[in-house]
Each structure stands twice: as structure tokens, then as C-alpha cells.
2 protein chains.
Amino acid sequence: MHTFFHPDSVVVIGASNSPFNLGATICSALKEISPWGRDVYAVNRKAETVHGCPGYASVTDIPQEVDLAVIITPAAVVPQFVEQCAEKGIRRVIIESSGFSEGGEQGRAMQRRIDETARAHGMRIMGPNCLGVLNTRNQFCCFYGIQADDFNTFAQESGAVSYIIQSGGIVVIVLESFATDVVKANKIVSIGNKSDIDEADMLEYFDRDESTEVIGMYLENIKDGRKFIETARRVGKPILVFKVGRTGEGARAAMSHTAGMANNDDIFDNACTQAGVIRVNSISELHAMPKIFTHMPPLKGRRIAVFTNSGAFGGITADLLVQAGLEMARLSPATQEKLSRTGRIFNAANPIDLGPALSMQTFLEIFDILLSSDEVDGLLPVPSLWHPMVIDAIVELVKKCHEYGKPAAIYTPNAVHKTVSYRQKYQVPLFESPEEAVRALEVSYRQYRYGEMKDALWNLSGAGHREEHLMAQGVL
Amino acid sequence: MHTFFHPDSVVVIGASNSPFNLGATICSALKEISPWGRDVYAVNRKAETVHGCPGYASVTDIPQEVDLAVIITPAAVVPQFVEQCAEKGIRRVIIESSGFSEGGEQGRAMQRRIDETARAHGMRIMGPNCLGVLNTRNQFCCFYGIQADDFNTFAQESGAVSYIIQSGGIVVIVLESFATDVVKANKIVSIGNKSDIDEADMLEYFDRDESTEVIGMYLENIKDGRKFIETARRVGKPILVFKVGRTGEGARAAMSHTAGMANNDDIFDNACTQAGVIRVNSISELHAMPKIFTHMPPLKGRRIAVFTNSGAFGGITADLLVQAGLEMARLSPATQEKLSRTGRIFNAANPIDLGPALSMQTFLEIFDILLSSDEVDGLLPVPSLWHPMVIDAIVELVKKCHEYGKPAAIYTPNAVHKTVSYRQKYQVPLFESPEEAVRALEVSYRQYRYGEMKDALWNLSGAGHREEHLMAQGVL
């Protein structure tokens, strides 16, 4: 799998100088936009050079060795190019073209021909009907249609989150999210129809990949349920999955898109719980949640202290915490007394109402009291950004969370654009709604709990026993 | 109630030139920021003029008649100022100060004294512990702490949505939302502890208020359940309510904030359904939903056609629609045939996959085919804003929706900041997530269905019979 992310040379089959040619955008990305700097060849009818990539009429005409082929031609000619790749000795192929298993009987016949070639020559195929690979570590990117501005936004900085995404359209949304969040991409792979390489192969690769800390997945179907679950349960890193097809209509729509089999959603749901996979409920959760793992210590208990200078959010967050299976921490009279001594506080019981007038010193004392208390496992701060001091206090809070080993899911009750601009400027993990912040605490706790009980869980024989165990532990 | 929103003269009790004086910000707003232009007086110990408002040591010293008093002093002196107002003949008082029923036994005693004065003199009290009133029609605003920039953002344009909001903090969030949405405020009232005027009084007023089309509410408790429901069911306009206290912890937190009684949430939920009140699930829904009422015709049936140029959203929206109790419209072969003739479409069955390359003409033909079809009640378009033509097509779509009398809840799968900037520039009702768009269709349909069955419903005697009827109609 390594070669897909670290090729030394690539051929883009179907790249030409015709107007609107998609392959040409890949040549341009690799040669002109990215500083990746390895060899790129183009294959097209006229054997013409494309954006500085030497052109050939056939793959077999290329005199140098080639590690990876990217095919982006009409579907009808893909099988013959796969055969050329086999002949040339290329063992890694990304097929970005569509029109195979999702495109009727003719498409399926072409898919079978490709499968046979690949099997006969020990080739690994990614796709078809996909966008390919991005690796921000070496800046290798074979997504078609990428513009220089976009590339610089999401690839310039390498982060800790890797994504496995079945649909190209979702890749674009996830990429755009990096422009406004503290979390950055490590590697992204769009696996499309998964004729060969599937979600479980990629999970295994990202688990071994040292610079990946969190794995996000967008799936329209599961190719092999047992393989997925067996792989996922060996993965120690948090896995966040958004899967469509909760309903029959959703599953039907997904099948017309990437041609999988519909899966029984309840079985998938249960399997996720048993394998410690966190199922998220929207695309936005898929890119909002990772920062609770990358930027905060894990939540090791259910007891949360809320503090806010906007009283209404005490009630709103208390409802959300309880609904998420967490608890409002009970603060002892001694702790409340300590809090009251820090300044003019409206209400020292949880949720703590800070009132409008607070100094930086008061903020810092409150953080220390709550984070050091054995009555509190994590914080849900809801401070309005009404004064520059507040963001300075938040920066300090993030440091203190790491010192004390307890997380804070911070929501600033301001217009989203204000929250987003502060998040970028100060690089602090701010959430965009109280719902998001509470959900982040919930997923952090789930991940921690699963890690704690994992070994015991899988020593139990059979899914029934594991379910019972999970129920007894309050996870199901 | 009219006088609270249309006073001819106001006294701000507690406005002075001391640093950080909150009353002074109200004088400034009324005299310097807003073009409202009526008489404002200040009452303070030194009888000093504040931001051009003549100052007096007592309310009774003011020589002119005064319509409305706004009190923003420490709680301890509020009762005596209410008595001064009574003596002066002022019958409308807004108490913005806090520290009454939410502030222990001493606070409750002061509240009783105020109540007695008000009852004896036929005065109506708004608050205490509130932010007061904004009327964008005449630009009257007695919120404390308002800055000129903010005022111009939310008050310059008068819109169709009026809000009843128990908490000042939530008022600020809702106001900020107007800066980035097509929906504008009509009137906003923050009712705080509701010692006298409550949510039902305000509902009744906004129902009669001609320029209000949609009513939004944020509540921490219900003062009088029967009165609320009896009033709500007479209101013909859509009512959206976000109420905290779904859980015991949430109710407890809310009580410490605005001092109400906790209500049984299940009973409230059921009552909302019977009275046609739409309960929303977050503050963001409270400001995201009104545009489906103000900018689109009602949804009169469950059958929704989805079209997208990003195939993944077909599956995502199908799941969401089914979960919301709506249906994917079944398109007949004849309709699919018509759609296929408009251009190079990937998939003409619902969800319709437009593929990447579409002309304006193709878009317009698709709109006509779907909106004119008796197989379709409403649209869920998910077009990516990848080309300027797409937003032009959306502008045309909004017009066509009004022509055909069917709604479209439009989600553009781009970064939120891009969606928001297009929404503002072109003044089209774009939603910020697929979840929001589907929810908008759901609330539109609920409102329509309730309107249809309302009279029949309330001719049935007793809540039990009404519940049965609602269940039979598929609403419960």
C-alpha cells in the first residue's frame, strides 16, 4: 500500500492537451502546483507532452520504470490500459474513470476484465470511480481538478487526521473544512467502487502509518463486513465513520452512486459498537470531531463541569450532556466555596454562571479549581468572546487541560464566523455549536472506554457475550 | 402591549455618566444610534443629562408625560422606582435589572412588593432580568450594551420574524444571525423572569401584529401551560419554540437562571403538537428555519424530489428525508424520460444525479419538469456552487417555486462561509447543511398539515380524542 502514497514515478493515462482534459489537471498538480518533484509521464494518442510531463502513445513506450499508474480515460478503454500496465510491470493502479459496476451490464463486464488482468499479474487496483490519493507528508496528490489555491490551503500543513472516503464529492467538502479548522489532513484516499482495495485495507494501512492519529471514514457500503470489523477492532486509533444507508431509500440511492451491496444497517451499527468504531451522524461531525482527539487529552469519566457567562447555556448544555449519557458534575460545598472566592460569580453550582465581569486571573483560578478537582472529569466551557481577554484565557485553558490530563470541549456563543476566525488565529479547538461540543465529549469518552475494555471484550467468545458485556459496561 | 413597542417618550431609570453604566448605553442607543427620534429622559442621583437625555433625580420631577419606563438599577432600589412610576402615571415598565425571584428570599420579597404596586395601579411589567424590546419598524430599541455597528446590522432592515426570548444571551446570538441570513427581524422581546407579561401575552400580540409572519421563541419554562396552549392554538402563524429542560438537569439549570417552575417536558411536547407549535432542537434551528416560511410556499405533501451534482448527497438526503417522515418521490418513466432529454444526466431516477456538466437551460428545464409534476410536492436541490451559472439558476428556481406554489429547501455542498456569502449577495434561502434543509421541509409540512386539520381537531372534546385524531392523521 506504501507505493500508492509514496511513488517515485507516476504515469497519468489519459492526460492530453485537449480543452477540459481532467488528466491534464493531475499533471499540472504534480508538476506545477505541488513541490513533490518526482517523475511524471503522460499517455495520450498524440504522445504529446502535458504540463511538462513527457508524453507517450502507450505505457510500454516509457523507457523508465514506473511505480504507479493513474487512469483517467473513458471507461471503454480502461481494460486495455490496465493490460498495458501489466505488460510494463506496473503493480499499482488508480482508476479514476467511472462507468463500471455502477454503469450497467457493459460496465460490469469491463470490471471483470480488469479484475482478471490484475489477478493474473498481482496488481493492486484503487477505484474505479474515485479521486485517488493525497499525501500531505510528501505533497503527492493525484486528485483531478485541483486548483493551486485549494492545494496550498489543504496540503501546505500536514496534520494528524487521515480520511478514507468513498465519494469524490465528499472529499471536496472535507478538504474545504481544513481551511477553517485547527485539524489538518495527513492522508486522504477516495476508494470509489472498491473493486480491489477496500475500506478495511485502508484502515489497516492507516493504523500502521505513524503520522496518522485519527481515522475518518465516509462509506456508502461495506464490502466485507467480517473483514471490516476484524480489522477495525485491531486498530488502536479513534475511527469515526459516517455511513449512508440508514434507511432503504438511502441505501438504494448509494447503490446507484458507487455500486455496492446494501448492508443491514442495524447489524452495521452493532458491529461498530463491538469493534470500537464511532459512528457519526453527519458529514460535518466527520470533520468537527477529530480535534477532540488531536488537541485534547481523553475524557476518562462522565462528570462534566459547565461554566458560562451566558446563563441560558447552562440549561442548554445540561440537557445535551444528559442526553449524551454524560453527567453534570456535583460540586461539593468546598469546591463551590473555592469558586466563589475567585471573583464575583453569579452561581458557583454546576452549571457555573460566571456573570459578565471576569478578570483573566479569575478565569485561571477557575480552570485550576475545576481541573484539579476529583469531582470533575472534563469541562464544557461556554465563554462569550466579548473581550480580547477571553481568547487569551482560552489559550491558557488548552495548556492547562494538557497539564491536568482532562479535556475541555469549548463552545464560544458568538456568530460562527467569529468563532471560526478566532479558532484559526489562535489555533485553539473551538466548536461551532453546543451540540458539537457535547458530542465531542461523548465520542472522546466512548473511545476511552472502549480502549479500556477491549481486551476483556474480545476474549469473550461470540457476539452475544460481547453485547452482554458492553451492555453491562453501559456502552450499548 | 402596543406601547411597549411604540412609546412616544421613555425614561431610563439608572442611566448616568458613571463609567460602565448600562443605562447610559440605552440612552445612547435611543438618542445617538437609532433614528427613532422621540423623547428620552434619564433618572439618576445627580439629575445629570446623559447622552443628550435630560436628567432628573426622580421620575416625578419630569415635567412631560412619559409612556414607558426602563429600569436598570441595582435590584434593591427597583421597588421604590416602580412606585415613583406609579405616582407619575406610567403604566408600562421594563425592568432589566436582575436579582429578583432568581436571587433568593430577599429577591422574592422585592418581587412581591413590585407585583403589589403594579396590581394596585394597573401597570404592566416586562421582566425583570431581561433585555427589553426591539422594534425594527420604528427603530425603537431599549436593549442595554448595544453598539452602533451591531444596531445597524440587525435593525436597518425590517423583516418578517418576531422573537420572544427569555434570555438576554440568546437574544445576542439570534441578533448576530441576522447579519448572515435572508431573514430579518421584525420585533424582538426578551421577557426574562416573566413576573407579569409572559410568553402567551407576547404570542397573542405578535399574532395580531400585521408585519410579523413567523414567531420564534426561546423558553426556559412555561408560566401557565393552559394559557400558552389556548393562545398558541388560536395563532395562525408558524410558531417555532426551543425550550430547555428536556432533562431534569437542564430544567434545574434553567431555574437557577430565570427562576421559573420546572415543567414536565413530555406534557409540554404533547401540548405543542396539539396546539400546532413546532418544537425545534437547537438555537441554530431557531434562526435557520424561519426562511422556509418567509421565502418559500408551504409544502403540501410528503413527496420530495432530490437532485444533485454530487452523487453522495443523494444517499445522505434520502436517509434524512425518510427519517423525517417524508418520502422520496417516485418518478414515472414518462417523467424520467423528460428529465433525460434535458441534457447529459447521470441518473434520472430520484435522487437525480445531474452529473458535472450542466447548462443553465438544462437546470431551468429540470425545475419546470419537477415543479409541474403531480408526482412531486417539493424539491431538495443540492447543487454545488462550482460555477457562477449555478447561483443564477438558484435565483430562477426561487422564482419558479413561487409560480408553481411548491417549496425547495436548497443546500449547496460547499464550505459554509461560501454558502453564507452567496446567500447574502443573492438573497436566496440557502441552508447550511443537508440536515437543516430536510428539517425545513419537515417543519413546513407540519405547519401546513396542522393548519388543514386545526378546526376539526379542536371540535373534538378532550386531549385524548385530539391525540387520537393526530395519530390517525400521521402527525403524532
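1. Helix 7 of chain A and helix 8 of chain A run roughly parallel to each other. The model is a predicted one. Helix 7 spans residues 199-208 of chain A and helix 8 spans residues 225-234 of chain A. Their axes lie 9 Å apart, and the packing angle is about 10°. An angle under 35 degrees counts as roughly parallel, so this pair qualifies.

2. The residues behind that pairing can be listed. Helix 7 of chain A brings A:E199, A:A200, A:L203 and A:E204. Helix 8 of chain A meets them with A:K227, A:F228, A:T231 and A:A232. By class, the contact of helix 7 with helix 8 in chain A divides into four nonpolar, one polar and three charged residues.

3. Now helix 8 in chain B, with another partner. Helix 8 (residues 225-234) of chain B and helix 10 (residues 265-275) of chain B have axes that come within 9 Å. The two cross at roughly 25°. That angle makes helix 8 of chain B roughly parallel to helix 10 of chain B. The crossing of helix 8 of chain B past helix 10 of chain B is right-handed.

4. On the helix 8 side of this chain B contact sit B:G225, B:I229, B:A232 and B:R233. Helix 10 of chain B answers with B:A271, B:Q274 and B:A275. The contact of helix 8 with helix 10 in chain B holds four nonpolar, two polar and one charged residue.

5. Further along chain B, helix 15 (residues 360-372) packs with helix 16 (residues 388-404). The angle is about 25°, and the axes of these chain B helices are 10 Å apart. Helix 15 of chain B is therefore roughly parallel to helix 16 of chain B. Their crossing is right-handed.

6. Which residues of helix 15 of chain B meet helix 16 of chain B? They are B:M360, B:F363, B:L364, B:F367, B:L371 and B:S372. Helix 16 of chain B contributes B:M389, B:D392, B:A393, B:E396, B:L397, B:K400, B:C401 and B:Y404.

7. On domains: the assignment for chain A gives domain 1 (1-128), domain 2 (157-294) and domain 3 (298-443). The C-alpha centres of domain 2 and domain 3 of chain A are 30 Å apart. Domain 2 of chain A puts nine residues into their contact, and domain 3 of chain A puts in 14 residues. Helix 11 (283-288) and helix 12 (290-294) of chain A each supply at least two residues of the domain 2 side. That side of domain 2 of chain A has five nonpolar, one polar and three charged residues.

8. Next, the relation between the chains. Chain A superposes on chain B by a rotation of 180° with 0.0 Å of shift along the axis, at RMSD 0.0 Å. That is the relation of a two-fold axis. The same surface serves both copies, since 100% of the contact residues of chain A recur in chain B. Of the residues of chain A, A:H417 comes closest to the rotation axis, with its C-alpha at 3.8 Å.

9. Last, the make-up of the chain contact. Chain A gives 41 residues and chain B gives 41 residues. Helix 6 (168-178), helix 9 (248-258) and helix 13 (312-323) of chain A each supply at least two residues of the chain A side. The largest share, nine residues, comes from helix 13 of chain A. By class, the side of chain A that touches chain B has 15 nonpolar, 20 polar and six charged residues.

Note on methods:
Residues are numbered from 1 along each chain as its sequence is written. Chains are lettered from A and ligands numbered from 1 in the order in which they are written. This is a predicted model: local features need pLDDT of at least 70, side-chain atom pairs count only at pLDDT 80 or more; totals for chains, interfaces and linings use all residues. Copies are superposed by least squares on the C-alpha atoms of residues with pLDDT of at least 70 in both. Two residues are in contact if their C-beta atoms, placed from the backbone, lie within 7 Å. Helices (H or I, at least four residues) and strands (E, at least two) are DSSP runs, numbered from the N terminus. Ala, Val, Leu, Ile, Met, Phe, Trp, Tyr, Cys and Pro count as nonpolar, Asp, Glu, Lys and Arg as charged, and the others, Gly among them, as polar. Axes are lines fitted to C-alpha atoms, for helices over the stretch in contact, and angles run from 0 to 180 degrees between N-to-C directions. Angles under 35 degrees count as roughly parallel, over 145 as roughly antiparallel, 65 to 115 as roughly perpendicular and the rest as oblique. A crossing is left-handed if the near helix is turned anticlockwise from the far one by less than a right angle, and right-handed if clockwise. Domain bounds come from an automatic or database domain assignment.
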